[in-house]
Protein chains: 2
Amino acid sequence: MKANIIGVGSTTFSEHWHYGLREMISYASLNALKSANIELKDVDSLFVANCLGSTINGQNNINAICSDELAIQNSVAIGGGDAAGAYAIAQAANSIMAGQSKIALVIGVEKMSDMPITDITQIASEVTEQEYEASTGATLASLYAMITLKHMKLYGTTDKQLGSVSIKNHSNAVENEIAQFRFKVMMEDIAKSPMIADPIRLLHSAAPSDGCCALIMCNEGSAKEYKDKIQLAGTGIGADFMAVHEREDITTFNSVRSASKSALANAGIKVEDISFAEVHDSFSIGEIISIEDISFTKKGNGGKFIEEGNAELDGKIPINPSGGLKGCGHPFAATGIRQAIEAFYQLNNKAGKRQVKNPKYALTENISGTGATAVVNIYSL
Amino acid sequence: MKANIIGVGSTTFSEHWHYGLREMISYASLNALKSANIELKDVDSLFVANCLGSTINGQNNINAICSDELAIQNSVAIGGGDAAGAYAIAQAANSIMAGQSKIALVIGVEKMSDMPITDITQIASEVTEQEYEASTGATLASLYAMITLKHMKLYGTTDKQLGSVSIKNHSNAVENEIAQFRFKVMMEDIAKSPMIADPIRLLHSAAPSDGCCALIMCNEGSAKEYKDKIQLAGTGIGADFMAVHEREDITTFNSVRSASKSALANAGIKVEDISFAEVHDSFSIGEIISIEDISFTKKGNGGKFIEEGNAELDGKIPINPSGGLKGCGHPFAATGIRQAIEAFYQLNNKAGKRQVKNPKYALTENISGTGATAVVNIYSL
């Protein structure tokens, strides 16, 4: 028995100066309920993913906020760094499969504009290893920069290939109403954008964002009553050494390998069956390594694969049709839920101008830190 | 099909200056494995509860730390304020009941000694409502003080009755090897202890602590192979208005009422069937209100009930035989797991000098903030 998603809702990803956590939670949740055509009283459990609430918003009891705001008794908070959203979906699915929940509301929320970007950079590094990485001053960007340089050295990955990830994702985001960065970028824009951590430039990086996404989930039987739905066909969770320096090969995300392998086995399909994927491009190199480690292409070929257009909407395997983290923005715990929302729209053929042709299986990959953990969820109709 | 606990392990609750999160996690986990006589490789999933890691320890990816330290791929972080421990048990149980996990390791960890107590007081208030409570300077102690005063006014609850909670729990803690405060206190010690927030004194309050507790859980069938085990007979989760000022009656924890009602229904038993309980005495009034709202005694009678000895080890319904939060210390997310460990020892008749006579059902109650949410777990042999 599999869990299904029968409704989705979201705020835009933006700088929501005039909204707090409560307002964003309500907005996304009520929209998800509306989308499924059900009422709040039908929901019997709530799973909320949040990562930075305590450090940025001074709020360290996020499920209590949701319960208070939405009058739902049974709520729980799910963590897991910036992969928290995908984790929450997996936990809600467990609850449904265990028969402990009939209709679950799953929320991912992050409000990152409450602090200046310099503080965010430091706070975000808390998802990396504290004792050996964050405390030395290493940031997510600086660690990803090392990974990028090594990938360039080992496989000849180029600046232009990194740029092609950003160009594609910005282009896809233009058609996504949730996305924060709905404009195209050109190779020269990227080359002129500020250097963050050599060779990573601003336009190779996903920006912190405010966003809240929500899903309604139920069991297979109940889902039959609903028009638009997708099934969570399989989940895989993987882990790697947390600190980059401990990994045998820093250009490989073992967490992603393990998670995608488990998810495919769990869904009973092969990687060739996947129609499109939403992957974790917090930095351009993230998308390149992800598609290698999921095995959409062979190790070292990720940059070339994207540069040659294979990951475009009409390519061999569309990657990040939503615009990805780069085009949508990256409100940490909301990202994993946003990926599921994209799967919902695409598989129901409701993705408008960014619609992928006749998708059968969607794969979403949400990772924490620099690949410390990864959650891969596979969806089908 | 119910989930079972087949092994337990714990650090002592203390100021562990010489250990970090990693060392505490390993120590408790390996002890739990030893207790169940299984190996790390047998564990297929890990659930870790932590509340204050990001604000106190600068570590916002606690399940990645656990996965790294213990080489377990499938891990997830569970929040829920200072009730996170009990939440994690419920999530692990879902995973087992859903058939997604065969042997789960459930960890609750908190390391609070990394910051001075004045900072802890402010940080701990982040589990209350940020916008209307914490940001005004209200602390957990000051909010509980209001609740205490109102309970005194409405029901005639006395200083002496508050003190009798602390006396009992300190007395029980003497026999508990985990406990941080293994010494008896007398009524005059309490009266002489510093005033924290009138009428709450130091010896009415549970101290912040460093601690890590771990459990091994599996399904009913597999549990048969193990000698010592308990079953999670039922779980209930409840919520109330988060901010104290929004509640109709601040001397009632609606979250506890709702959670205990659900848990009893889920277990198919009545409150009279409970042999003993571990409740959330972060402040003495918390134990008094909890036993009222679980219905061990009628509303307003909690102080008298305890003062008259009904909650002693040989009383009508022993409350906090472990020593409770007062005697053991309160490392936030570890507390809910510690309560389950007490249930494990007591139900298997291995609680030594604090053994309750022939217990059949144990009830544990773990609450977040000032009762914003509550998790009640019921255990049986």
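Two strands are taken to pair where DSSP finds at least two bridges between them. In the predicted model described here, this criterion applies to strand S10 (residues 361–368) of chain A and strand S11(A), which run antiparallel and are joined by 8 bridges. The two strands form a hairpin with 4 residues between them, and within the turn Gly369(A) adopts a positive phi of about 60°. S11(A) also pairs in the antiparallel sense with strand S8 (residues 230–239) of chain A, again over 8 bridges. Ala374(A) of S11(A) takes part in both pairings, being the bridge partner of Ile367(A) and also that of Gly238(A).

The burial of S11(A) was examined next. Of the 8 residues in this strand (residues 373–380), 8 are buried, so the strand is largely enclosed by the rest of the structure. Both of its faces are covered, with Thr373(A), Val375(A), Asn377(A) and Tyr379(A) buried on one side and Ala374(A), Val376(A), Ile378(A) and Ser380(A) buried on the other.

H11(B) is followed by Ser295(B), which is placed in the loop between H11 and H12 of chain B and, with a relative accessibility of 47%, counts as partly exposed.

A buried arginine is found in chain A, where Arg338(A) belongs to helix H14 (residues 335–347) and has a relative accessibility of 1%, for which reason it counts as buried. Its side chain makes a polar contact of 3.2 Å with the side chain of Glu278(A). When neighbours within four places in sequence are left aside, the residues in contact with Arg338(A) include Phe13(A), Cys213(A), Ser322(A), Leu325(A) and Cys328(A).

Phi is positive at Ser295(B), near 80°, and at Asn349(A), about 55°, although the latter is not a glycine. Asn349(A) lies in the loop between H14 and S10 of chain A and is partly exposed at 47% relative accessibility. The peptide bond from Asp198(A) to Pro199(A) is cis, with omega near 10°, and in chain B a cis peptide bond joins Asp198(B) and Pro199(B), with omega about 10°. Pro199(A) lies in the loop between strand S5 (195–197) and strand S6 (200–201) of chain A, and Pro199(B) lies in the loop between strands S5 and S6 of chain B.

Between the two chains, 51 residues of chain B are in contact with 51 residues of chain A, and about 3,900 Å² is buried, 44% of it on carbon and sulfur atoms. The chains are linked by 2 salt bridges, one of which, between Glu129(B) and Arg22(A), has its closest N and O atoms 2.8 Å apart, and by 29 residue pairs in polar contact. On the side of chain B that touches chain A, the elements that each supply at least two residues include helix H3 (62–70), helix H4 (84–97), strand S8 (230–239) and helix H10 (254–267). The residues of this side divide into 19 nonpolar, 27 polar and 5 charged.

How values were computed. Residues are numbered from 1 along each chain as its sequence is written. Chains are lettered from A and ligands numbered from 1 in the order in which they are written. This is a predicted model: local features need pLDDT of at least 70, side-chain atom pairs count only at pLDDT 80 or more; totals for chains, interfaces and linings use all residues. Side-chain values use heavy atoms; hydrogens and water are left out. Contact means heavy atoms within 4.5 Å. Buried area is the accessible area (1.4 Å probe) that two parts lose on being put together, summed over both. A salt bridge is a side-chain nitrogen of Lys or Arg within 4 Å of a carboxyl oxygen of Asp or Glu. A polar contact is a pair of N or O atoms within 3.5 Å; within protein, one must be able to donate a hydrogen and the other to accept it, and residues adjacent in sequence count only if both atoms are side-chain atoms. Ala, Val, Leu, Ile, Met, Phe, Trp, Tyr, Cys and Pro count as nonpolar, Asp, Glu, Lys and Arg as charged, and the others, Gly among them, as polar. Buried means under 20% relative accessible area, exposed over 50%, partly exposed in between (1.4 Å probe, protein chains only).
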